[in-house]
Each structure stands twice: as C-alpha cells, then as structure tokens.
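Trainee: Could we go through this model together, one question at a time?
Mentor: Gladly; please have the sequence and the structure open beside you.

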Amino acid sequence: MNNDEQIKTCSGCGIVLQDQNVLQEGYTTSLENDICQRCFRMKNYGEYQVVTKSNEEYLNILKSVGETKDLVLYITDLLNLEKNIEQIRNIISNKMILVLNKKDVLPKSVKETKLIKYLEEKNICFEEVIVISVNKNYNIDYLLKKIKLYQTSKKVYVVGHTNAGKSSLINKLIQNYSTNVQELTMSPLPSTTLNTISIEINEYLTLIDTPGLVDTGSILNHIDPSMIKKISPRKEIKPKTFQLKPNQSIIIEDIVRIDYIEGEKNSFTLFVSNDLKVKRLLNASNKNELKELSKITYAVKYDEDLVINGLGFVKIVNKGLIDVYIDKNVETFMRKSLI
Ligand SMILES: Nc1nc2c(ncn2[C@@H]2O[C@H](COP(=O)(O)OP(=O)(O)OP(=O)(O)O)[C@@H](O)[C@H]2O)c(=O)[nH]1
Ligand SMILES: [Mg+2]
C-alpha cells in the first residue's frame, strides 16, 4: 500500500488489504470489502490456500508483546503439546495463562487434573494452567473469570503455535460475551492468521490475536494439504491398542512405520485421528513398506509416548527398541507418557 491513509486490514486474518495484485497477500477485488479474497474463500467455500510465514516476523511480534505488561494467553493443542513448551515463556516475561485446548479430541477417560499436573511438574512459570475445548464450549466461562483475575490492562494477547485454536477461541469469546460481530478466519491449515488483530469484547477487555509460531517439524507443514483434514482429529479419538512382539510393526496410512525391534511383549496405543488406516505387520523384517522414509531409532523406557508432531502420539508401555520411518522433515520425540 502506498498511501498511508488507505491502509485497511482484513478483519479475518489481519493482512493489509490491496486491490492491485491478485497473486499477493491481502488481495481483494475492492477495498470496500472487509476481508481478503483468501479469507473469503476459506470462510465461504472451505477452500484453503497455504501461506508460509517466517518465524522471524513472529518473534518480533512476541518481543513487542513482551514490552507490554499485559496478560498473555498461551494456547496450545493438547494433542500436539510442544516439545519445548517453555520456548514462548522464555521469550516474554508477561503474566501468562497456559490454555490447553482441544480437550474434546482426547478420550473422555483422560482426567483433566492429570493433564494439569503433567504440565505443572515441568516447573514453567504460568499463573495458571487451564484445560478447555473451544468446540465443546468447555471451561470458557472459567477461562474468562481467570482472564479478569489476572489482566493488568484492557488488553490481553493470545499467542501460541499455529493451529492451536487461537482465533477459534477468540471467536468463541466474541460469540459468548460480546455484541461485536467480527469473525476471525479459522482453518485446519497452519498460518491462517497473518497479522495481529485487536478485537474489543467489551469495555473492559480487548483480545489481540496473533499469527502462530510455525512449528517447522509439524507434519502439517510437510504433507499434501488435501490430507490435512484427514489427519486432524475432529472427534474424540478412539485409541487403538496393538500388542507387539519384536519383528512386528505398525503402519499408519503411508505416513509412518514403527518397527518393534527388541524388547518384551509390548503394548502400543495409538492416539491419532480415527480416519487414519492403521495396520500391523507380522514378520516385518521381510517387508519393505515405507522403509524408503528416513529412519530414527529410539530406546524406549517404561511408559513413554512416541510423539509424531502434528499427527498424534503412541503410548508404549514397556521398555524396548523401536525404529521409526517417516518423512525426514517431520519431528518425532519421546516423552514421559501424557495419559
Ligand atoms: N477438535 C477441536 N478442534 C479445534 C478446537 N479449537 C480449534 N480447533 C480447530 O483447530 C484448527 C485451527 O484453528 P484456528 O483457530 O485457525 O487456529 P489458530 O491458532 O488461530 O491458527 P493460526 O492462525 O494458523 O496461527 C481449526 O480446524 C479449528 O476448527 C477444539 O476445541 N477442538
Ligand atoms: Mg489464527
């Protein structure tokens, strides 16, 4: 935009609107419109267009949040708890509430107190850890109470990795508690929100949405966009348990292969989208399926999860050795079992 007076931003994703170049971000046919063409298509047709954002930009946004004394909500996806949950905490020292979203996708048997305890044991400094589900409108009232309790000014920032549900949460708060009619764009793709957007909920509270920190190791950034809906659980996950002996394997679609190499008879429970096909291979050493993918070996201790970033996790009960075959760009790691 060359004329400062004309700067108008998209009310869905925050990008500066422009009507000059169809191929560039922020394009709209007319500057009279409130949202860009990309948001229009996502909202009306569910047509998604991937945008790649640099984290440098995001880190600058975070730093500027750090210069305020305002309360921050750090939203994270329970199924994709970041390996370094302290990363954002270490960049900014504001008062912060950790919000664990998407409780609805975990089996109902998973106790909330256990999830909170798991995070509290990490000894990261949060005012509070709160489990919510935007989709089920679960604990949103409680969250609002806590926002009121800890807010230091009218402004409250909403940060976190892409796809955690930041914009969805703000939309829910608008729906529940505001006369404001603005609707932020939400999508199953990473990097939906492109810039900060301020939303006045009421005279005491303005929420500021931010674009998410890109998790470069997430499978969402490395899989064909047409697969994203399929791999993102939308309903309560039905865990699938397999009893494996060495020389047996689990294969999830054509995405990942897990070979059980060494150890006692063991139990592997998958927490991934119900839509994904999973099978077990016997006599696995004779079968080469997916072995062209990149291999990582893990020595599993008792009661650990193999986390496949963006896809879900596999709870493994006993000690043993596993080989994981997966796209070389997708991050995997072991953690103490969450469930
Ligand atoms: N199952 C489930 N899905 C949710 C929930 N909240 C959000 N989602 C989904 O998560 C995806 C990402 O939501 P967004 O609100 O766009 O996430 P975001 O954090 O704003 O993402 P960026 O703008 O890319 O940083 C969408 O497909 C939402 O429908 C929830 O409580 N449960
Ligand atoms: Mg968003």
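Trainee: Over how many bridges do strand β13 and β16 pair?
Mentor: This is a predicted model, in which local features need pLDDT of at least 70, side-chain atom pairs count only at pLDDT 80 or more, and totals for chains, interfaces and linings use all residues. Residues are numbered from 1 along each chain as its sequence is written, while chains are lettered from A and ligands numbered from 1 in the order in which they are written. Strands (E, at least two residues) and helices (H or I, at least four) are DSSP runs numbered from the N terminus, and two strands pair if DSSP finds at least two bridges between them. In β16, F333 is the bridge partner of V307, and β13 (residues 304–308) pairs with β16 in the antiparallel sense over five bridges.

Trainee: Which strands stand at the edges of the open sheet of five strands?
Mentor: The order of this sheet is β7-β10-β14-β13-β16, with antiparallel pairing. A strand with a single partner has one side left without a neighbour in the sheet, so the edges are taken by β7 (240–244) and β16 (332–336).

Trainee: What is the average twist from one strand to the next in the open sheet of six strands?
Mentor: That sheet has mixed pairing and the order β3-β2-β1-β4-β6-β5. Its edges are β3 (128–131) and β5, each with a single partner strand, so one side of each lacks a neighbour in the sheet. With axes as lines fitted to C-alpha atoms, for helices over the stretch in contact, and angles running from 0 to 180 degrees between N-to-C directions, the twist averages 25°.

Trainee: Through how many residues does a hairpin join β5 to β6?
Mentor: Strand β5 (residues 197–202) pairs with strand β6 (residues 205–209) in the antiparallel sense over five bridges, and S198 stands opposite I208 in β6. The hairpin joins β5 to β6 through two residues.

Trainee: At about what angle to β5 does α6 run?
Mentor: Contact here requires that the C-beta atoms of two residues, placed from the backbone, lie within 7 Å. Helix α6 lies across β1, β2, β4 (155–160), β5 and β6, and its angle to β5 is about 25°.

Trainee: Which helix gives the largest share of the shell around ligand 1?
Mentor: Ligand 1 is surrounded by 24 residues, the closest being G165, S167, S168, T193 and G212, where a residue is near a molecule or strand if its C-beta atom, placed from the backbone, lies within 6 Å of it. The shell divides into seven nonpolar, 13 polar and four charged residues, counting Ala, Val, Leu, Ile, Met, Phe, Trp, Tyr, Cys and Pro as nonpolar, Asp, Glu, Lys and Arg as charged, and the others, Gly among them, as polar. The largest share, three residues, comes from helix α6 (residues 166–177).

Trainee: How far apart do the C-alpha centres of domain 1 and domain 2 lie?
Mentor: The domain assignment, whose bounds come from an automatic or database source, gives domain 1 (1–49), domain 2 (55–215) and domain 3 (239–336). Contact between domain 1 and domain 2 takes 11 residues from domain 1 and 11 residues from domain 2. The C-alpha centres of domain 1 and domain 2 lie apart by 25 Å.
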